[in-house]
Amino acid sequence: MALSVLSHIDVRPADHRVSEVERQARMTNPGFGKVFSEHMVTVRYSEEGGWERGLLQPYGPLMLDPASSVLHYGQAIFEGFKAYSQPDGGVKTFRPLANAQRFNRSAERLAMPQLPEEIFVEAADALIREDKAWVPKAIGESLYLRPLMIATDAALGVKPSHEYLFVLFASPAGAYFAGGVKPVTVWISEDYVRAAPGGTGFAKCAGNYAASLVAQRQAKSEGCDQVVWLDAVHRTNVEEMGGMNIFFVYQEAGRSVVVTPELTGTLLPGVTRRSILELASELGLGAEERKITVAEWNAALREGRMTEAFACGTAAVITPIGRVKSRHGDWIVNGGGTGPVAAKLRDTLLGIQHGLVPDTHGWMHEVC
Ligand SMILES: *Cc1c(COP(=O)(O)O)cnc(C)c1O
């Protein structure tokens, strides 16, 4: 068994690899998050010993004590970012340090330990190098990296765990939403909220998703693809769409302006959101962070001040919103089609990620 040594991670790969034919079969139309590559990285933490050396090993089930605190009290956080194939056959990840930093902000909110950024990035680099064959080549396809941390104390007392497990695995990903960039129909959730002031909205923690599922189910039963979250206090300000941030395109003083709800602590600060704000000016777009109410969304469309709405996130990059439904009425955005600003931003981001558009911001991290 080969064992190579990196600075934080021992590499002990599988003796037997999936055959080329089998891998090709699994990677054909992989969808999102259903196919996994052959390895994973685990790193253990204890209060006394800190972070141990990590281990890259064959992908497989974890063994957990049934008393593990994560199973009862939900101390669990995760991240998501992607590796993209490059024109020269290499592989680069998109802004992995931003994800490492957000992981630590989530950890802090959940009373979990900080993971050194270099361990986070090195774990991903090691896994991608080992499973490079699992990085899809087509534009828009990628290898999705899923880091997570869970509390592993076998104890039922309600308190921060002393022991934790960091896990990183990877999943070849096609287009996130089946059917490509078809605009989605959204349901404005007035019965449920995702995050409240002082809560965990800004953290990527498992519980936020658990609490969102019933609203997502309601959206489906209303004939919608996704739910739009409003602020918990007034139930008027638009915050996010499902697990993605949301943007509106306004026409102001002869140019397009991308407007996204400001970060209030209840929104998840997306890396894609931030990247769009940073890209806007070089694409000739204005960019602004401010509050947008549901009433303003509807009025601005009717008055022609707003021309598009779209959601953004690592998984789907950019997804146009074509239709909005709520208890108080339905409306159509941009004739139900994909608008030029959403299309331009999507092409630019994907172009940077695949090495087809110059990376003037230094966002891409070379892996292999
Ligand atoms: C992950 C996530 C996003 C998008 O963040 P990216 O860094 O762009 O992937 C937006 N909203 C929620 C609730 C999320 O969990």
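Thr314 touches Gly80, Phe81, Lys82, Tyr144 and Thr272, leaving aside residues up to four places away in sequence; contact here means heavy atoms within 4.5 Å. The model is a predicted one, in which local features need pLDDT of at least 70, side-chain atom pairs count only at pLDDT 80 or more, and totals for chains, interfaces and linings use all residues. Residues are numbered from 1 along each chain as its sequence is written, and side-chain values use heavy atoms, with hydrogens and water left out.

**Thr314**

- Thr314 is found in the loop between strand E17 (306-313) and strand E18 (317-326); helices (H or I, at least four residues) and strands (E, at least two) are DSSP runs, numbered from the N terminus.
- With a relative accessible area of 22%, Thr314 is partly exposed; buried means under 20% relative accessible area, exposed over 50%, and partly exposed in between (1.4 Å probe, protein chains only).
- Between Thr314 and Asp10 there are 304 residues in sequence and 29 Å in space, C-alpha to C-alpha.

**The ligand and its surroundings**

- There are 14 residues around the ligand, and Lys204, Tyr209, Glu240, Thr272 and Thr314 come nearest; a residue is near a molecule or strand if one of its heavy atoms lies within 4 Å of it.
- An N or O atom in the side chain of Thr314 is 2.6 Å from an oxygen atom of the ligand.
- For Thr272, a polar side-chain atom lies 2.6 Å from an oxygen atom of the ligand.
- For Arg102, the distance from a polar side-chain atom to an oxygen atom of the ligand is 2.7 Å.
- The ligand taken alone exposes 380 Å², and the protein buries 96% of that; accessible areas come from the Shrake-Rupley method with a 1.4 Å probe, and for residues only the protein chains shown count as cover.
- Strand E14 (244-252) and helix H6 (271-279) each supply at least two residues of the shell around the ligand.
- Sorted by class, this shell has four nonpolar, six polar and four charged residues; Ala, Val, Leu, Ile, Met, Phe, Trp, Tyr, Cys and Pro count as nonpolar, Asp, Glu, Lys and Arg as charged, and the others, Gly among them, as polar.

**Helix H4**

- The 14 residues of helix H4 (residues 117-130) should span 20 Å at 1.5 Å a residue, and this agrees with its end C-alpha atoms, which are 20 Å apart; the expected span of a helix is 1.5 Å times one less than its number of residues.
- H4 is largely enclosed by the rest of the structure, because 10 of its 14 residues are buried.
- Among the buried residues of H4 are Phe120, Glu122, Ala124 and Asp125.
- Ala124, in helix H4, is buried, with a relative accessible area of 1%.
- Ala124 touches Phe81 and Leu168, not counting residues up to four places away in sequence.
- Ala124 and Val158 are 34 residues apart in sequence, and their C-alpha atoms are 32 Å apart in space.

**Asn104**

- Helix H3 (residues 96-109) contains Asn104, which counts as buried at 9% relative accessibility.
- Residues up to four places away in sequence aside, Asn104 touches Pro113, Gln114, Leu115 and Glu117.

**Positive phi angles**

- Arg95 is not a glycine, yet it has a positive phi of about 50 degrees.
- Arg95 lies in the loop between strand E8 (91-94) and H3 and is buried, with a relative accessible area of 10%.
- Ala253, also not a glycine, has a positive phi of about 50 degrees.
- Ala253 lies in the loop between E14 and strand E15 (255-260) and is exposed, with a relative accessible area of 89%.

Notes:
A polar contact is a pair of N or O atoms within 3.5 Å; within protein, one must be able to donate a hydrogen and the other to accept it, and residues adjacent in sequence count only if both atoms are side-chain atoms.
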